Structures are given as structure tokens and as C-alpha cells.
Amino acid sequence: MFGSTLDSSRGNSAASGQLLTPTRFVWPYGGRRVFLSGSFTRWTEHVPLSPLEGCPTVFQVICNLTPGYHQYKFFVDGEWRHDEHQPFVSGNGGVVNTIFITGPDMVPTGFSPETLGRSNMDVDDVFVQTADSSQETIPRMSGADLEVSRHRISVLLSTRTAYELLPESGKVIALDVNLPVKQAFHILYEQGIPLAPLWDFGKGQFVGVLGPLDFILILRELGTHGSNLTEEELETHTIAAWKEGKAHISRQYDGSGRPYPRPLVQVGPYDNLKDVALKILQNKVAAVPVIYSSLQDGSYPQLLHLASLSGILKCICRYFRHSSSSLPILQQPICSIPLGTWVPRIGESSSKPLATLRPHASLGSALSLLVQAEVSSIPVVDDNDSLIDIYSRSDITALAKDKAYAQIHLDDMTVHQALQLGQDASPPYGIFNGQRCHMCLRSDSLLKVMERLANPDERIVCV
């Protein structure tokens with residue numbers, strides 16, 4: 001999937017104990033076959049680059065480079081090319097890209113003023129600056145432009161309602177709280193949906209939502225009571241019983257000391273999108289049911305839709321797609337905006353580390369990490385920290401295939417095996433079609449990334 005790491009220490013570098021720095025070279029402009037050659041290969045060897053999974057137009061390879069100044073060039077489909085977005089110089093051999101790998105007591109030399117700060121070459125999986133960061137040419141917005149963007153988005157979300165998120169056609173599935181957990185597990189898998197609202201016939205109202213996190217917690221909880229998960233254990237747990245048990249685990253008690261489930265977070269069809277977004281973010285939920293009742297007491301409610309942030313993003317993109325210049329922030333590269341989780345630059349600390357998994361990690365540890373990190377997806381990387389796949393909360397439903405949950409122990413199954421099971425499992429009405437994740441570059445605009453995230457099934461990883 002990814003090209004092997006090239007060691008540029010051929011000769012006497014390794015023998016002399018010279019420091020080697022893993023450096024990622026990226027060609028994001030497509031092609032059928034892409035190679036790399038440079039001063040570190042003595043221009044005699046062509047190193048193949050491999051396409052990134054989910055982004056076939058982006059190629060990469062990792063090379064171990066010695067400290068100092070290096071030149072390189074790409075050989076794309078039989079033609080020598082250089083990357084115009086990286087530092088380059090003109091010489092006897094034509095135009096070549098340049099990179100300086102710092103070492104102890106070294107400063108970069110030989111770069112022209114025009115190329116200072118222009119490199120975004122990844123070294124050891126961090127964003128490397130080839131010169132003083134104050135000279136970095138990342139476009140910055142003025143305070144006025146930022147306020148304009150905030151105001152226009154706020155106005156849009158305040159004047160649009162949840163009703164506009166409803167699709168022209170579709171279905172919304174609700175589950176009875178008295179269903180066995182096992183049956184609910186299979187329904188979500190067979191219908192290809194990640195979560196479903198819960199209906200209580202006794203109360204005549206919707207009382208909650210059942211989603212992937214519930215199944216993760218259930219499997220972890222049952223796994224502590226024996227060496228294997230059994231169908232019998234799941235048979236004895238209704239959804240209502242699980243929600244009460246979850247309240248015990250979360251220490252949610254009423255005034256009488258009795259456990260009570262977390263109240264349902266919901267919105268009405270005429271609530272504005274700003275309030276919908278705030279409810280999702282403040283309550284840390286994936287989606288909120290859109291529920292309508294024509295009666296003042298809220299009786300006889302109708303479930304209309306499940307509103308999510310991806311639907312709100314789609315609304316923003318649709319509104320500004322042909323007038324993006326009126327929203328300056330949409331044209332900003334994502335590397336200039338404090339969004340998401342990033343690997344820190346050299347010498348910087350990160351308040352929120354980037355959680356990753358190895359393919360040989362146990363499924364139990366992966367599920368624990370998803371819960372502890374409070375994230376929906378975690379990148380699965382190899383020993384070179386190159387992306388292999390993504391493991392998401394919703395992947396837990398793949399264990400419903402052939403009742404796999406009753407035959408495995410979470411600590412015995414690896415993440416790779418769990419992902420393989422998910423690839424083999426094709427829900428009859430599945431939504432997980434196509435590529436599992438898509439890539440974006442640090443230089444991509446916020447609008448481009450938002451349009452991808454507006455697809456509820458997308459998982460984004462930046463390179």
C-alpha cells in the first residue's frame with residue numbers, strides 16, 4: 001500500500017553515526033507511476049511512490065535523509081517533474097526541488113529568499129519549517145474578514161431551520177426499548193444505520209438513542225463477566241435494562257438515589273440550525289432526533305429525521321458554494337485554521353495528542369481508546385506511521401455478522417481482523433459503500449474539506 005522507506009545512509013553515513021531523519025515526500029498531482037530521485041540517491045536510483053488509500057491522486061514515500069541540503073525531482077509517467085509548491089532552484093540540470101534537513105548546530109544555507117518558509121515537507125510525521133516560521137507564507141485572514149465570516153455563518157444558521165435538513169425521501173427507524181439488545185444489534189447491522197431513536201410504548205414518547213457507543217460499552221461490560229461473550233448474556237439484556245445499567249456505570253441518580261437514563265436530546269423541525277448545532281456539540285452526541293407534535297403537551301410525537309453536523313455542513317456548503325468569496329474563511333487552507341487534531345510541530349507541545357492504532361492492537365484496546373479519547377474514529381497506521389485504514393465506532397456493528405460477537409474475545413481479536421470482518425460484512429441496506437476514508441492536504445481550502453465532511457459517511461485524514 002505504501003512505498004518502503006528508503007535509507008539515504010548508503011556509504012559511510014550510518015557507519016559514522018550520522019543522524020537520519022525520516023522524511024515524507026508527497027506528489028499530490030496524480031499520475032499512473034511516480035518515482036523519486038535526488039542527491040540522496042546520487043540521482044542513479046528511482047524510488048517508487050505509492051498511492052494513498054482513498055486518495056489515488058496522491059503518492060508518497062518515506063526516505064531517511066542525512067542532515068544537510070538535498071535536491072530531488074519526481075519522475076511521473078516517464079516525464080521529469082518538480083513540485084511548484086515546494087522550494088525549488090534552477091541549475092544546469094534544470095529545475096529541481098530542494099529541502100534542508102537540520103542537524104545539531106546547523107542552519108539552512110543555499111535557499112533563496114523566495115523559497116524560505118514554503119516547504120511543507122513532512123519530516124518524522126510533523127509539519128517541518130525550512131526557515132523562520134515568521135516568514136511562512138501561509139495566507140492569514142484579517143480580523144475584519146474573520147468577523148465577516150462568523151457573522152454571515154451565524155446569520156445563515158439562525159435563519160434556517162431543522163426542517164430544511166429533511167431529505168425529500170427516506171426512512172427513519174426507531175426501536176422499542178423492550179427489544180433485546182441482541183435483536184437491536186442485528187437490526188442496525190441489517191439496515192446499515194449507525195444509531196436509532198428509542199420508543200417507550202408505556203410512556204408514549206421517545207426516550208433516548210441507541211448507537212455504536214452503547215454496543216461498545218455493552219461488549220466491554222459483558223467481557224468482564226467471563227472469558228467469552230455469549231448469546232445468552234445478550235438475550236437477557238433489553239434496551240431498557242441496558243440504559244438503566246448504563247446509568248449505574250455513569251453514576252446518574254435521581255433525588256431518591258435511583259439510577260435514571262440520560263434524558264433525550266431532541267429538536268423540533270422549526271428550531272434554527274444554530275441551536276441544533278449547539279445541542280449536538282454541547283451534549284457530545286452524533287445526532288439528535290427531529291421530533292414534531294401538533295399538541296402542546298408533546299403527545300403523539302412524530303419522528304421526522306436524525307439531524308447531524310454533516311447535514312448542517314451540507315447546508316452551509318450549498319448556500320455558499322457559488323459565492324464563497326463572500327465568506328473569506330472558506331478560502332483559507334486548513335493548516336491555518338485551529339480545527340481538528342494535528343501532530344505538533346517540532347518543539348511544540350500538543351494539548352490533545354493524535355490517537356492512533358496499530359493493526360496488531362487488540363480490538364479491546366481499540367474500543368477503550370475510542371471511549372477514552374471521545375472520538376468517533378481512530379487512524380490505523382503501520383510502523384512508519386503511514387495510514388492503513390480507519391477504525392470507527394460504527395465498525396462495531398460488523399460483529400453482528402454471523403453472531404461474531406458471541407464467538408470472539410475482545411482481547412483476542414486484532415484491529416486488522418475486525419476490519420477484515422467489516423469488509424466481508426456487507427449490510428443488505430448498507431451505507432458503507434465506496435472508500436472508507438478520503439484524504440485532504442494541508443493546503444486544501446476549508447470549503448473543500450467541508451464538502452467532504454458534509455457526507456455523513458466520510459472519514460477525513462490530513463496528510
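# Close-up views of a predicted model

**View 1. Arginine 160 and glutamate 164 form a salt bridge, with 3.2 Å between their closest N and O atoms.** This is a predicted model, where local features need pLDDT of at least 70, side-chain atom pairs count only at pLDDT 80 or more, and totals for chains, interfaces and linings use all residues. Residues are numbered from 1 along each chain as its sequence is written, and side-chain values use heavy atoms, with hydrogens and water left out. A salt bridge here is a side-chain nitrogen of Lys or Arg within 4 Å of a carboxyl oxygen of Asp or Glu. Arginine 160 is partly exposed, at 26% relative accessibility. Glutamate 164 is partly exposed too, with a relative accessible area of 32%. The cut-offs are these: buried is under 20% relative accessible area, exposed is over 50%, and partly exposed lies in between (1.4 Å probe, protein chains only). The whole structure holds six salt bridges.

**View 2. Glutamate 374 forms a salt bridge with lysine 284.** Their closest N and O atoms are 3.6 Å apart. Glutamate 374 lies in the loop between α8 and β18, and lysine 284 in the loop between α6 and β16 (287-292), so the pair ties together parts that are 90 residues apart in sequence. Helices (H or I, at least four residues) and strands (E, at least two) are DSSP runs, numbered from the N terminus. Is glutamate 374 buried or exposed? Glutamate 374 is exposed, with a relative accessible area of 53%. Lysine 284 is exposed as well, at 65%. Helix α8 itself has buried residues: Leu363, Gly364, Ala366, Leu367, Ser368 and Leu370.

**View 3. Glutamate 451 forms a salt bridge with arginine 321.** The closest N and O atoms are 3.3 Å apart. This pair links distant parts of the chain, 130 residues apart. Glutamate 451 sits in helix α10 (residues 446-453), and arginine 321 in the loop between α7 (309-320) and α8. Glutamate 451 is partly exposed, at 35% relative accessibility. Arginine 321 is partly exposed, at 40%.

View 4. A search of the whole structure finds eleven aromatic pairs. Rings of Phe, Tyr and Trp (its six-membered ring) pair if their centres lie within 6.5 Å; planes under 30 degrees apart count as stacked, over 60 as edge-to-face and the rest as tilted. Tyrosine 163 and tyrosine 270 are a stacked pair, 6.3 Å centre to centre, with 10 degrees between the planes. The pair links distant parts of the chain, 107 residues apart. Tyrosine 163 is in the loop between α1 (143-159) and β13 (175-176), and tyrosine 270 in the loop between α5 (239-249) and α6 (273-283). Tyrosine 163 is partly exposed, at 48% relative accessibility. Tyrosine 270 is exposed, at 60%.

**View 5. Ring pairs link six residues into a cluster: Phe25, Trp27, Tyr29, Phe40, Tyr72 and Phe74.**

**View 6. Leucine 175 belongs to the largest nonpolar core.** A nonpolar core is a set of buried Ala, Val, Leu, Ile, Met, Phe, Trp, Tyr and Cys residues joined through side-chain atoms within 4.5 Å. This core has 39 residues, and Leu175, Tyr391 and Leu399 touch the most other members. Which helix gives the most to this core? Helix α2 does, with five residues. Leaving aside neighbours within four places in sequence, leucine 175 is in contact (heavy atoms within 4.5 Å) with residues including Ala184, Ile187, Leu188, Trp199 and Ile239. Another core, of 25 residues, lies apart from it, with Val267, Ile312, Phe320 and Ile337 among them.

**View 7. Serine 149 is found in helix α1.** Serine 149 is buried, at 2% relative accessibility. Not counting residues up to four places away in sequence, serine 149 touches Met141, Leu327, Pro328 and Ile329.
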